[in-house]
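Dear colleague,

Please find below the structure that I am handing over to you. My notes on it follow directly after.

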Amino acid sequence: MSRLDIHQFISRSDNFAVLIHDPETGAIASIDAPDAADIRRELAAKGWKLSHILVTHHHADHTDGILPLKSETGCKVIGPKAEASRIQGLDQLVAEGDTFKVGNIQVDVIDTPGHTAGHISLVLPDHKTAFVADTLFVMGCGRIIEGNPEMMWNSLQKIARLPKDTDLYCGHEYTVANAKFALAIEPNNQKLVERAAQVTAMRARNALTQPTRVDIELETNPFLRPHVPAIRERLGMKDKKDWEVFAEIRERKNRS
Ligand code: ZN
Ligand code: FE
């Protein structure tokens, strides 16, 4: 199995920008393109030449850098078929079940609608890594802007079913606020209490809180835990379906 280098940094105010590098071929992909100048600067610092941009959804904070970077580098832009009319500069359209390569790195596409109607996530099965953008955040989940709660719940379940040791990279550094909210939903989850303290300390020294991992999220992310009796009890939703409990947690986060 080939190696993979990942370089991440904050762009704009709170977007995670991520560059992946295949050392065997020199291929470099940017996961989304929050800001051309930020990505250009980091590429130059690394001595890397952009070959691909992989787009998860149409929002400006994920797409603003596409056209300038494409015209400078001639990179290939791959993104969601379902949002083709809303994203400029796409060269290849993909949807669930599609697989493509960045250099020698295999990338599998899954549909994860809910935040936007055509949002995709990208899974690198050989590297146990997935890029989930604004579907799942560390201890949180994306706002449901174009979808409905059941749709978002199904998308989160696809991520939860990835191999437990899969590293997850998200779209935004919202971790400390998410941890606070998670503690309000599940104050007696000891793993969550410990993790909240850990990520707060990390942010205090300006460290980034991702990647997270599927097993860690299953233990600490309230949006993946609507089946937990203590949460159901606290919300007064003992007999509801998981997605209904999820919807209530999302609703409370919107108001928090
Ligand atoms: Zn978004
Ligand atoms: Fe975003």
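The sulfur of Cys170 lies 11 Å from the closest cysteine sulfur, that of Cys141, which is too far for a bond. A disulfide is here a pair of cysteine sulfur atoms within 2.5 Å, and the structure holds zero of them. Cys170 is buried, with a relative accessible area of 4%, and Cys141 is buried as well, at 5%. Buried stands for under 20% relative accessible area, exposed for over 50%, and partly exposed for what lies in between, with a 1.4 Å probe and protein chains only.

Please note that this is a predicted model, in which local features need pLDDT of at least 70 and side-chain atom pairs count only at pLDDT 80 or more, while totals for chains, interfaces and linings use all residues. Residues are numbered from 1 along each chain as its sequence is written, chains are lettered from A and ligands numbered from 1 in the order in which they are written, and side-chain values use heavy atoms, with hydrogens and water left out.

The search uses a 1 Å grid over the protein atoms alone: a cavity is a set of points where a 1.4 Å probe fits but cannot get out, a pocket is an open set with protein on both sides within 12 Å along at least five of seven lines, and lining residues have an atom within 4 Å of a point. Grid points are joined across faces, edges and corners, and a volume is the space filled by probe spheres set on the points.

One cavity of 30 Å³ or more is found in the whole structure. The largest cavity holds about 90 Å³ of space. It is lined by 14 residues, and Phe16, Ile31, Asp32, Cys170 and Gly171 are the closest to its centre. The largest pocket holds about 200 Å³. Among its 13 lining residues, Phe137, Cys141, Arg143, Tyr174 and Arg250 lie nearest the centre. Helix H5 (175-185) and helix H9 (242-255) each supply at least two residues of this pocket lining; helices (H or I, at least four residues) and strands (E, at least two) are DSSP runs, numbered from the N terminus.

The model also contains two metal ions. Which residues coordinate the zinc ion (ligand 1)? They are His57 (NE2), His59 (ND1), His115 (NE2) and Asp134 (OD), at 2.2 to 2.3 Å. Donors are N, O and S atoms within 2.8 Å of the metal (3.2 Å for Na, K and Ca), and sites may look incomplete because water is not among the atoms. The iron ion (ligand 2) is coordinated by Asp61 (OD), His62 (NE2), Asp134 (OD) and His172 (NE2), at 2.1 to 2.3 Å.

Asp134 bridges the two ions, which lie 3.0 Å apart. His62 lies in helix H2 and Asp134 in the loop between E10 and E11, so this pair ties together parts that are 72 residues apart in sequence. His62 is buried, with a relative accessible area of 2%, and Asp134 counts as buried at 2%.

Yours sincerely
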